[in-house]
Amino acid sequence: MNTLEFFWKNQAQVYALTLEHLWLVGVSMLLALSLGLPLGVLVTRRPAFGKAILGASTIVQTVPSLALFGFLLSSPWLGERADRLAITALTLYALLPIIQNTYAGITGVDIGVREAARGMGMTDFQLLFQVELPLAMGVILAGVRVATVITVGVATIAAAIGGGGLGEFIFRGLAMVDNRVILAGAIPAAIMALLADFLLGRLERRFRYA
């Protein structure tokens with residue numbers, strides 16, 4: 001049986017694990033955005049927090065994924081459910097590019113534009129939401145794009161702690177030394193990452209050159 005035949009014979013399971021993988025990535029990215037964007041804005045407004053926030057995010061990125069999953073496994077609340085643990089780890093991995101690009105995008109706004117907005121009587125809140133964030137959106141989306149691709153890849157490790165997703169096929173295939181089973185997990189994950197990169201890349205270019 002070749003890889004295509006394996007896909008056809010196990011299409012229901014491939015579909016179910018792909019949806020599970022998408023759910024892990026989707027929830028993690030929503031959480032990462034809800035945390036990363038405010039933190040990136042905070043760094044632009046309170047530079048004193050910059051080293052701590054960016055430093056902590058960078059440290060998380062340097063921790064091997066399996067080690068991070070293992071570390072979180074000992075946490076009382078997180079360790080009770082594998083999917084909860086996996087989403088927490090994936091969220092932490094996605095934070096750095098979002099925080100960095102939010103900071104870079106906002107600080108990269110032309111100072112003349114800021115001064116003109118201030119001269120029109122805009123408050124800091126209005127300046128952020130009506131000028132800085134719209135102009136920085138292309139750079140921010142570049143960070144979201146990187147974070148999404150990273151999350152799709154790292155999500156395959158979630159299967160190691162029972163978190164589900166396409167990594168189930170990969171780990172099963174490694175245990176069986178069966179390339180067909182490995183590819184049943186690796187190919188959909190790769191397609192998912194490429195599709196996310198393409199779609200977010202299109203969106204990023206639209207905002208950059210709008």
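Mentor: Leu-22 is located in helix H2, which spans residues 11–45; helices here are DSSP runs of H or I with at least four residues, strands are runs of E with at least two, and both are numbered from the N terminus. This is a predicted model, in which local features need a pLDDT of at least 70 and side-chain atom pairs count only at pLDDT 80 or more, whereas totals for chains, interfaces and linings use all residues. Residues are numbered from 1 along each chain as its sequence is written, and side-chain values use heavy atoms, with hydrogens and water left out.

Leu-22 counts as partly exposed because its relative accessibility is 43%; buried means under 20% relative accessible area, exposed means over 50%, and partly exposed lies in between (1.4 Å probe, protein chains only). Together with Tyr-15 and Leu-19, Leu-22 makes a nonpolar surface patch of about 320 Å². Such patches are made of residues with over 30% relative accessible area and no salt bridge, nonpolar side chains (Val, Leu, Ile, Met, Phe, Trp, Tyr) being joined within 5 Å and like charges within 9 Å. The areas come from the Shrake-Rupley method with a 1.4 Å probe, and for residues only the protein chains shown count as cover.

Ser-28 is also part of helix H2. With a relative accessibility of 0%, Ser-28 counts as buried. Leaving aside residues up to four places away in sequence, Ser-28 touches Ile-87, Leu-90, Thr-91 and Thr-151, where contact means heavy atoms within 4.5 Å.

Arg-45 brings charge into the picture. Its side chain meets that of Glu-132 in a salt bridge, at 2.7 Å from N to O; the term requires a side-chain nitrogen of Lys or Arg within 4 Å of a carboxyl oxygen of Asp or Glu. Because Glu-132 lies in helix H7 (residues 124–154) and Arg-45 in H2, the pair ties together parts that are 87 residues apart in sequence.

Asp-124 and Arg-118 form one of them, at 3.3 Å from N to O. Asp-124 is partly exposed at 35% relative accessibility, and Arg-118 is partly exposed as well, at 41%. Arg-180 pairs with Asp-178, their closest N and O atoms being 2.7 Å apart. Of these, Arg-180 is partly exposed, with a relative accessible area of 25%, while Asp-178 counts as buried at 13%. Through shared partners, salt bridges join Arg-45, Arg-114, Arg-118, Asp-124 and Glu-132 into one network.

Val-177 follows H8 and is placed in the loop between H8 and H9. Although Val-177 is not a glycine, its phi is positive, at about 50°. Val-177 counts as exposed because its relative accessibility is 74%.

Finally, the wider setting. The chain contains nine helices and zero strands. Of its 210 residues, 44% are buried. The accessible surface comes to about 11300 Å², 68% of it belonging to carbon and sulfur atoms. Along the principal axes, the C-alpha atoms fill a box of roughly 70 × 40 × 20 Å. Of the contacts between residues at least 6 apart in sequence, 72% join residues at least 24 apart.

As to confidence, the chain averages a pLDDT of 90, and 97% of the residues score at least 70; pLDDT is the predictor's confidence in each residue, from 0 to 100. Among the elements, H2 has the highest mean pLDDT (95) and helix H4 (residues 65–73) the lowest (81).
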